[in-house]
Amino acid sequence: MKNKGRQATIILIICNTFLFAIKISAGIMSNSLAIISDAINSLTDTISSIIIFIAVRTSSKQADEGHPFGHHRAEPIAGLIVAILAGILGFEILHMSVLSSWSLMYIRLVFLQL
Ligand SMILES: [Zn+2]
């Protein structure tokens, strides 16, 4: 990876980590699922950036004895891992949202007789 690209990726990782820290604090203090979800999104952005950073660095390596065709497949594998992570995050947020709205409805039905 070129030096500028590497620097930009490192800055991105630091910024996303900082954003995660601020958002998770605000989310926990306000007990807001939306803000906590956004914080987790920033965390997965950080993890994705680290995975992509490693993959781009690995793919630029020359072929060696263990990998006679080179290391170019590192990038699509990283893309697959990032996509799976994003899918799991989306499902978990959907799951938490449905659970919390159902539990609210349940409380209203049982205790408030609405
Ligand atoms: Zn190798």
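Two residues are in contact if their C-beta atoms, placed from the backbone, lie within 7 Å. Keep that in hand for the exercises below. This is a predicted model, in which local features need pLDDT of at least 70 and side-chain atom pairs count only at pLDDT 80 or more, while totals for chains, interfaces and linings use all residues. Residues are numbered from 1 along each chain as its sequence is written.

**Exercise 1.** Find what share of the contacts with a separation of 6 or more comes from residues 24 or more positions apart.

*Solution.* Sort those contacts by separation; residues 24 or more positions apart account for 52% of them in the protein.

**Exercise 2.** Work out how α1 and α2 are oriented to each other.

*Solution.* Step one: locate the helices, which are DSSP runs of H or I with at least four residues, numbered from the N terminus. Helix α1 covers residues 3–30 and helix α2 residues 33–59. The angle is about 160 degrees, with the axes 7 Å apart. Step three: angles over 145 degrees count as roughly antiparallel, and α1 and α2 are therefore roughly antiparallel to each other.

**Exercise 3.** Name some residues through which α1 meets α2.

*Solution.* On the α1 side, they include Leu12, Phe20 and Ile24; on the α2 side, Ile36, Leu43 and Phe53 are among them.

**Exercise 4.** Describe the box that the C-alpha atoms fill, and count the helices and strands.

*Solution.* Taken along the principal axes, the box is roughly 70 × 25 × 15 Å. The protein has 3 helices and 0 strands, in the pattern α-α-α along the sequence.

Definitions and conventions:
Axes fitted to C-alpha atoms, helices over the stretch in contact; angles between N-to-C directions. Helix = DSSP H or I, 4+ residues; strand = E, 2+ residues; numbered from the N terminus. Parallel < 35°, antiparallel > 145°, perpendicular 65-115°, else oblique.
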